[in-house]
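I opened the model to take notes on its domains, contacts, helices and backbone. My entries follow the structure below.

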Amino acid sequence: MTSNPGGTWPHAPGFIVGDRPKIVTSRFEYEDSYTLQRYLATDGYAGLRAALGRPATDVHDEVKNATVLGRGGAGFPAGNKWGLTPQGVWPRYLVVNGDESEPGTYKDRLLMERDPHQLIEGCLIACYAAGLSQCFLYIRGEMALAQERVATALNEAYAAGYVGKNILGSKFSVDIVLHWGAGAYVVGEETALIESLEGNRGMPRLKPPYFPAAIGLYGQPTIVNNVETLANLPWLLLNGAVAYTAIGTATSPGTRMVAVSGHVQRPGVYEIINGITTFRDLLYGEEFCQGIRNGNELKAFVPGGGSAPWFTPDQLDLPFEASQVGPAGSMLGSGAIMVMDSTTDIPRAALTLTRFYAHESCGKCTPCREGGTWLERILSRVVDGKGTDADLDQLMEVGESICPGAFPHASNEKLGIAAVPFPYRMNTICFVGPSAYAPVHSALTLFRDEFEARITKRVLIPVTAVS
Amino acid sequence: MTTIDTNTESSEMPEKDPNAVSITINGRTVEAQKGEFIIAAADRADEFIPRFCYHPRMSSVGMCRQCLVEVEGPRGPMMVVSCMTPVAEGQVVRTETPQVKRAQEGMIELLLANHPLDCPVCDKGGECPLQDQAFSHGAGESRFVEEKRHYEKPIAISELVFLDRERCILCDRCTRFADEVAGDPLISFTQRGNNTQVMTFPDEPFASYFSGNVVQICPVGALTAEPYRFKARPWDLEQRESTCTTCSVGCRTVVQSSRDELLRYQGVDSDPVNWGWLCDRGRFNFQSVNSEDRLENPQTKAGDSYATTTWSAALDTISRTIRHATPGSVAILGGARGTNEDAFMWAQLADALGVTMRDAQLDDGLPASIFSYPQATIDAACSAGTVILLAPDMKEELPVLHIRLRDAAEKKKIRIIEISARETGLTKHAWRSVRAESGTSVTAVQQLLADSAIAAQLASGPVVVVAGRANLAEDAAHTMAAVDAVLAGVQNASVLPVLRRGNVRGALSLGLAPQSGKDAVAILEASARGQVECLILLGADPMNDIADADLARRGIAGAKFVVAIDTFLTQSAAHADIVLPAAAYGEKDGTTMNLEGRVTNVVQKITPRGTSRADWMIAAELGLLLGHDANVTTLADVQKLMGKKVPGFGATTTSVAVKRDGIVVTVPTPTRTSFVAPTITPRNSYEFRVDVSRKLYDRAVGTITSPALANLATGVSITIHPLDLERVGAAIGANVRVSNAHSSIVLPVQSNEKVPRGTAVIPFNQPGADVRELIRHGDSVVDVRIESM
Amino acid sequence: MARLTEENVRLAREIIGRYPKARSATIPLLHLAQEQDGYVTNDAMAHIGELVGATSAEVYGTASFYEMFKFEPVGKYLINICGTMSCALMGAEELMHHAESRLGIHMGGTTPDGLFTLEKAECQAACTEAPCLQVNYRYRFRVTSENFDTLIDQLQAGELNSEIPAHGTVAAVRQHIPADRGVGAVAPEDVTEGPAWLDGKAAL
């Protein structure tokens, strides 16, 4: 097992400090980073003050100009998202998606545990800019520490006049309500999150017509933003869109947090520069993961959370740029890379992910509920050495019922296959069903030989007619 | 009111509808309405798209994914669910491309993955949407070789419904129905993912009055109804479309039978009436028709028991009795349980004999002059700006009308103002609900009309007053005076009368309404005085239904000769000198009139029991014996005569009535008189004012003779406010003595904080002590004293 | 079987008051019930239904969707071992085998003394610290067989009582909105206008 400086049991920090530009993790090096005292001593709530000193539309424009890409997975610019609410329909709500559960991903948890005030400030700026009259901060149920830190920070912030009535003595008033879940991955999907927040089973709604910006919480226009997205706003308002866009590329400005786990020398969460940092930088760079563990070869990696189609070393030089990763057959998703070295049992690794999504299916739509479990059962059989060659085709057939047409995958020089670009088409309501298929499809496409090696070849017994 | 014929299409094309859009489905142009979903437009164009979760009367959820179709988009064809994708001008839809076919086959295969293939022993087999669509849209074989999901099967989720979770395909139809339509969300999805299952809360059954509907709309055999389980195979059933006459809503049904036995009723979607829904009482009381206790032959009283006799002997005795009776001493009570033709022929006979004592009601409705007010239909009420309820609890008495009004209120099509002595099923859907103690509804109406916010609401659109008898321990004149007060204060308000008994409107409209004030009460009083020499009970059971029990007893006892025409030997029929067996529902053809005045048909599906006959035949035969031959031998003859003799009924009515939505008619009714609320004497020591009303399940003959329903009556009790209970000093469930000047009864007490202080709620006609002992006709209201024992 | 205590009803009403619609408080109240009794009882679900205006069946429908709610008693310490990809790549299966043999129970089981319940969990968002586990939702990272044993020893000895409350309590800190600082929740149908600060001028 590799060691992580400071990553000692039981309280490993996960985050690895470097000297790259920091937008959201600037306070992480402080022991007391989560306190109001530390926050105020390090420009805390200065972004909010700057925002309130300008008309709300100005603030909205600033965010739009900065092209802050959503960090939840879809990568839609936050400023544009706020502008999608229908004219003249009130009230509008902000729902903060802190239900981080995508396999491989954790950055929102760190942002909530280590710098809750930064998130609160981000929420306030968003509410101010987009005219949102109440904010619900939905934290994943299993994250006890994050809930405690945010609750404490909110209590401090209310007492100090940063949240609630007449914030900083202004006409801006908004409540932030801490809400917490109870264990269901699918609630990370924004419409399921809203259902859950309404006290229901967290089953996604159909889009259209239920785009939250139009018909969201209680049927009202609702902005759902990811924790990391909102955590960018204090810095942005303090330093301006020009400074923000000076980091990264034009299409992917700023930084983003990426968690690299699995078979690397130094797994951890890193705040990297968006758009220019490549997978090779991350996996092999001295300031990042420092290569594959034990000097092993890289076999494959999942580039954007468990739902993403897999990459192999062929794709190492791609940068963190959606416009390049998409055509290459996968997605950046939630900023999570899972690395598999040459010792990895590929079918078994794929099974852990497929099992996850099958288990986390909400059960609402047929292809996900039935198809996901079916995939898991066939794959289990294959992994256990009880599969037949028909099973491999059957996996693809079930996948076709979940996602019709060509499913995205990476190119591979050795296999002589070209990439099928992202995204996929789906017969499901949300992406959970397709996510159960993605690892199966990637593994089968890129490493079919490993599956074939495990299946029992069907022996055909000649049948002679008895006369 | 104009006569509306919803089935006749206008020959002139109206101007271009601004909401019309034109789309292409499989190359054909289809006209659709803005906001409509593709699947609905396709249905009208006979382009069938397979589906499981979609139901046109419920909101779409897009869950089963079976209805995927291709729609041409800016980036080529896109697969969308047709149950949630609205039509758009110029939209190009394809439902049969290889891609669509692949997706639909895939979905069927996935749905069948965990579905047991026990079709041969499944009640749904033969009429199962999953089975049918597996054949029409499936690949023909399953590659699922794994073990299927297993659950305990089946489990009873209520007294009437069984659930087999293994067969369930999780389409959300039953749970959506319970929540959206019935308003009884007592079943829910539980667990998650592949373990999702429909369940009730532990020990809290799906006790909804509408539970049978979930069985009907279940697209597989997961939900089955106790009365039909393993009784027949669908291909052995024969069916005819008919109208339910359990209450006066007039829900359309199909009556299904096999081997000359009724086996099932299913709801049929009539747009102006029931939208396909039925209440459980109406759905399952077919068992009553099959009951072994049915009367099969005419009976004559012989001492304390009855002897079977022949029709000719029985009719001969009756005709002789009538012939020898003093003029003006024959009376006819009832007629509301039969067809229009039955009522018409009896009215014809009454006219010929000069019988003025006749009433189709039993002092438990409102005066027939309620039909002379401006009339509203169900649709008019459900699209009015405001609905004023001066009515009984619709959920208990007219369940499907409750569903319609609830739906309209939930969808914000109407605002309900309720004036009631206690909470009802519609209270939580009401915009305003005021508690008006029995006897004070006129004052309550006047106060409401004086409120500026309410006046503004009333002025904002059409107003419909739903008027019925809310309290059997209150003089009907209170309600009539309150309706008068509304009509006096609100311009252009109309009335939807909600008299509850099956064909009461038909019977009253076709000649069985009281003449010169001689209503059921007056008839029974006359009888008690010995002035009735022949009392004919036409499916009427005054011993059970007249609120004044004492009057019923005296009236029946005082009649010199009693003839009962009924399907069962009811409590009243048991006092008759001659009992004639009547053909029951499902055993005779004819027409019926619902509470709106809508005429639809009822049908014969099985042979009448024993020698029983339709009421109209008995009237015709008696007429013949009495020298008043109406010259009718067939139902068509009767209908022809009705068309001639009943103004407003028209020659075409009965031919249109056979169409699903029937026809709303207006026939002359007693002239409108104005009512004054009767005065109320001070309560003195009788400190509780009594509210007596019916519940869906009571001792009604059709209910107690249906095994599935017989045990669902709650039993009698008296419910008061918890603080009142404290004052009375009794424990919940303990027996208390309830008394007034008339009588005293003992019954268990319950408390409910929603019952106003000083009000006592007692259900009518329930097993247990009889509340009718406390009621005397002519009492303005009924006040009682409650003492702990 | 217990309904919510008087104190918890007070808390419940405070929580309900933060939402424009009471039903939104369902999940927080279920947590409150689980905190009270260690698991969610039928009586508590019926009580919550009364408080938020839902039928018991609806509350149960919601509750049973989420993994954290238990409908039967579990151990004082619920140990969730993550088995999703990163942890699986780093030896989660071995850890699970070890845990099972150390505690003498299978995944999903509870030790006879009622102290431990073992569960296989899905991704806990600590993937770089694999394999990881949670004890009553408190993390332990890079867990080896040895330090798993140490953890069990410490829990048995009561050494972690201050850090890890008994099963039911997730966050030990609650949000409290002071009456004079809160804006208050308004039912959406009662809001007809946009917020005051959208007047085209700076708020400060």
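Domain bounds here come from an automatic or database domain assignment. For chain C, that assignment gives domain 1 (6-63) and domain 2 (77-157). I note at the start that this is a predicted model.

**Entry 1: domains**

I looked up the spacing in chain C. The C-alpha centres of domain 1 of chain C and domain 2 of chain C are separated by 30 Å.

Next I turned to chain A. It is divided into domain 1 (36-240), domain 2 (255-341) and domain 3 (346-452). I took the C-alpha centres of domain 1 of chain A and domain 3 of chain A, and they lie 34 Å apart. I also looked for contacts between these two domains. I found 9 residues of domain 1 of chain A in contact with 8 residues of domain 3 of chain A. On the domain 1 side, the touching residues divide into 7 nonpolar, 1 polar and 1 charged.

**Entry 2: chain B against chain C**

I checked where chain B meets chain C. Here 12 residues of chain B are in contact with 9 residues of chain C. Which element of chain B gives the most to the side that touches chain C? It is strand β8 (residues 187-190) of chain B, with 4 residues. I sorted the residues on the chain B side by type, and they divide into 6 nonpolar, 4 polar and 2 charged.

**Entry 3: helix α2 of chain C**

I picked helix α2 (residues 26-37) of chain C. Its 12 residues reach 17 Å from the first C-alpha to the last, close to the 16 Å expected. I then asked how many of the 12 residues of α2(C) are buried. The count is 10, and the helix is mostly covered. Among the buried residues are Leu29(C), Leu30(C) and Leu32(C), and also His31(C), Gln34(C) and Gln36(C).

What covers the buried residues of α2(C)? The cover includes α1 (6-16), α3 (42-52) and α4 (56-63) of chain C. It also includes β3 (175-180) and α8 (190-197) of chain A. Just after α2(C), I noted Gly38(C) with a positive phi of about 90°.

**Entry 4: the largest nonpolar core**

I found 479 residues in the largest nonpolar core. Cys123(A), Tyr128(A), Val466(B) and Leu537(B) touch the most other members. Helix α6 (residues 116-130) of chain A supplies the largest share, 10 residues.

Leaving aside neighbours within four places in sequence, its contacts include Leu333(B), Val562(B), Val563(B), Ile565(B) and Ala576(B). Gly334(B) and Ser572(B) are also among them.

I looked for cis peptide bonds. The bond from Phe422(A) to Pro423(A) is cis, with omega near 0°. Pro423(A) is in the loop between α15 (389-402) and α16 (432-446) of chain A. The bond from Ala130(C) to Pro131(C) is cis as well, with omega near -10°. I placed Pro131(C) in the loop between β2 (116-121) and β3 (133-135) of chain C.

I also looked for positive phi in residues other than glycine. Ser516(B) has phi near 45°. It lies in the loop between α16 (504-512) and α17 (520-528) of chain B. Asn136(C) likewise has phi near 45°. I placed Asn136(C) in the loop between β3 and β4 (138-140) of chain C.

Are these two buried or exposed? Ser516(B) has 8 other C-beta atoms within 10 Å, so it is exposed. Asn136(C) counts as buried because it has 22 C-beta neighbours inside 10 Å. The cut-off for buried is 20 or more.

Conventions
Residues are numbered from 1 along each chain as its sequence is written. Chains are lettered from A and ligands numbered from 1 in the order in which they are written. This is a predicted model: local features need pLDDT of at least 70, side-chain atom pairs count only at pLDDT 80 or more; totals for chains, interfaces and linings use all residues. Two residues are in contact if their C-beta atoms, placed from the backbone, lie within 7 Å. Ala, Val, Leu, Ile, Met, Phe, Trp, Tyr, Cys and Pro count as nonpolar, Asp, Glu, Lys and Arg as charged, and the others, Gly among them, as polar. Helices (H or I, at least four residues) and strands (E, at least two) are DSSP runs, numbered from the N terminus. The expected span of a helix is 1.5 Å times one less than its number of residues. A nonpolar core is a set of buried Ala, Val, Leu, Ile, Met, Phe, Trp, Tyr and Cys residues joined through C-beta atoms within 7 Å.
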